[in-house]
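This report walks through a single protein model, from its overall make-up to selected local features. Please keep the sequence and the coordinates in view while reading.

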Amino acid sequence: MTALLAFADGAVAYTRAPRPFFKNRKFYVEEADALELTTDADEPVSILVYSEAINSCHLDPTQLSIGLRRLLSPTSTLWGVLNSLFENSRVALGRKQVEVAVDDFSTYAGDEPDFSGYMYKVKDKFIVGLDCSSGSVQNYWPSNLAHEFTHVLLDGTGAESWWEEALAQRMENSMGGMQPLMALGHLQTARQIPELMQVSRPLKSRENYAMAYLFARYVGSRFDGGTDVLKNMILPVAECEKSQLPYIARLACRAARFISSEKATGLYAPPLDFSKMTAHGLLRHFYVALTMNNAYEPKYAIPDWKGFDALPFEKTTRDLAYGQAMVSDAQTIAHQMAAKGYETYEILVGPSGLYDIHLLDDADSRSLSFSPNLKYYLMINLQSAGM
Ligand SMILES: [Zn+2]
């Protein structure tokens with residue numbers, strides 16, 4: 001039976017169990033009648049549209065069904081994009097129980113309407129929500145699905161939230177989605193360097209999403225093979241999975257294993273002296289590139305990143321979580337110097353912006369001098385219990 005017939009026959013209406021509630025977003029999956037637009041066994045997912053949304057979004061279920069089924073067809077570019085990270089993504093998704101639910105997000109009370117898709121897991125079922133509340137939003141359904149399907153496909157891999165968002169946004173952007181780039185706009189004006197490795201779901205701010213996205217862009221561009229590197233960082237590798245290690249150490253271990261097996265031919269000269277890929281090597285280079293990106297050194301480039309409008313300079317000392325960084329002056333940084341495991345870089349500033357950066361050794365660190373407008377200091381906490 002085709003989807004259209006199913007609809008013409010009278011759709012399957014069913015009621016959901018108590019509404020799962022999105023705590024941070026005042027958003028929930030509607031407990032309402034839904035039309036099931038597909039019953040075709042070839043579909044990798046079920047497509048539902050909530051009855052109320054048909055009216056409030058002025059949807060034509062027939063057109064909707066045709067459009068979505070085209071988007072999910074085996075020849076859709078969506079799968080081509082996802083295949084860059086996941087082996088046979090359409091089949092892999094078909095093995096999971098996934099419902100794509102079209103709904104009117106504007107009917108939900110909430111102060112964060114700036115997302116247009118979500119993924120929610122109820123027991124073994126994944127509900128992927130798509131917003132129909134404004135006409136133009138539907139242009140982003142392909143990129144929203146690329147994002148949310150990435151979450152579905154990563155489920156069970158033990159990925160931390162920030163890493164999932166890094167990959168999901170990378171796929172979203174590969175599918176033409178603009179939201180990751182809009183998040184970068186927020187990061188550009190940040191007053192401090194946001195946390196990269198956040199484990200909350202969802203991440204706390206758009207700036208955190210931007211950081212995660214840039215990390216994926218950085219890793220994917222730093223080595224030849226592009227997304228192949230990312231692909232090889234998804235799957236656990238026995239020798240890399242020591243549970244006491246920070247998650248980024250596992251990622252680095254997986255990547256290094258892949259890169260050495262590929263002979264690392266594409267590795268361009270790293271600006272810092274680390275000969276192999278380590279968790280701290282990744283973090284160092286990422287933060288240096290993040291802060292230096294508006295310099296004229298291509299080796300510091302991260303795709304899509306234009307650099308901060310002004311360096312997010314902090315005048316007060318704060319405790320940095322593992323893997324977190326801040327930029328300040330010598331006086332402020334000196335307070336933190338005693339802390340073990342902090343690594344400090346001197347950033348030199350010229351008339352046209354930042355132009356050089358170098359790691360300070362301990363002796364340098366003891367004689368930091370404050371030269372306003374000429375130097376900043378980038379400090380990264382690389383002290384972790386597991387390392
Ligand atoms: Zn996400």
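## A cut-off and a first residue

A residue is called buried if 20 or more other C-beta atoms lie within 10 Å of its own, exposed if 12 or fewer, and partly exposed in between. Gln97, which is found in strand 5 (residues 97-103), has 15 other C-beta atoms within 10 Å and is therefore partly exposed. Leaving aside residues up to four places away in sequence, Gln97 touches Asp124, Lys125 and Phe126. Gln97 and Val45 are 52 residues apart in sequence, yet their C-alpha atoms are 7.1 Å apart in space.

## Overall make-up and confidence

The model is predicted, and it contains 14 helices and eleven strands. Of the 387 residues in the protein, 41% are buried.

The average pLDDT of the protein is 78, and 73% of the residues score at least 70. Confidence is lowest in helix 1 (residues 3-8), with a mean of 29, and highest in helix 4 (residues 77-83), at 97. Over residues 1-28 the pLDDT stays under 50, although the model has 47 contacts beyond four places in sequence for this stretch. Residues 261-275 also have a pLDDT that stays under 50, and for them the model has 18 contacts beyond four places in sequence. Where pLDDT is low, the predicted coordinates should not be read in detail.

Helix 9 (residues 206-222) has 17 residues, and the distance from its first C-alpha to its last is 24 Å, close to the 24 Å expected at 1.5 Å a residue. Helix 9 is mostly covered, with 16 of its 17 residues buried. The largest nonpolar core has 97 residues, and those with the most contacts inside it are Ala212, Phe215 and Leu378. Helix 9 gives the most to this core, contributing ten residues. Because domain 1 (3-155) and domain 2 (179-381) both give residues to this core, it lies between them.

Two residues show the surroundings in more detail, again without counting residues up to four places away in sequence. Ala212 touches Trp162, Glu165, Ala166, Gln169, Leu196 and Leu203. Met211, found in helix 9, touches Leu187, Pro194 and Leu196. Met211 has 26 other C-beta atoms within 10 Å and is therefore buried. Met211 and Glu195 are 16 residues apart in sequence, and their C-alpha atoms are 7.6 Å apart in space.

## A covered strand pair

Strand 8 (residues 325-328) and strand 11 pair in the antiparallel sense over four bridges. Within this pairing, Met326 stands opposite Met379 in strand 11, and Ala325 stands opposite Ile380 in strand 11.

Strand 11 (residues 375-381) is mostly covered, with six of its seven residues buried.

Thr150 lies in helix 6 (residues 141-154) and counts as buried because it has 27 C-beta neighbours inside 10 Å. Not counting residues up to four places away in sequence, Thr150 touches Leu85, Leu167, Ala168 and Met171. The C-alpha atoms of Thr150 and Glu164, which are 14 residues apart along the chain, are separated by 7.7 Å.

## Backbone details in loops

Most residues other than glycine have a negative phi, and most peptide bonds are trans. The peptide bond from Arg201 to Pro202, by contrast, is cis, with omega near -5 degrees. Pro202 is found in the loop between helix 8 (179-188) and helix 9.

Positive phi values are found at two residues described here, neither of them a glycine: His58 at about 55 degrees and Asn88 at about 50 degrees. His58 lies in the loop between helix 2 (51-56) and helix 3 (61-71), and it is exposed because 9 other C-beta atoms lie within 10 Å. Asn88 is found in the loop between helix 4 and helix 5 (89-94), and with 12 other C-beta atoms within 10 Å, Asn88 is exposed.

Key:
Residues are numbered from 1 along each chain as its sequence is written. This is a predicted model: local features need pLDDT of at least 70, side-chain atom pairs count only at pLDDT 80 or more; totals for chains, interfaces and linings use all residues. Helices (H or I, at least four residues) and strands (E, at least two) are DSSP runs, numbered from the N terminus. Two strands pair if DSSP finds at least two bridges between them. The expected span of a helix is 1.5 Å times one less than its number of residues. A nonpolar core is a set of buried Ala, Val, Leu, Ile, Met, Phe, Trp, Tyr and Cys residues joined through C-beta atoms within 7 Å. Domain bounds come from an automatic or database domain assignment. Two residues are in contact if their C-beta atoms, placed from the backbone, lie within 7 Å. pLDDT is the predictor's confidence in each residue, from 0 to 100.
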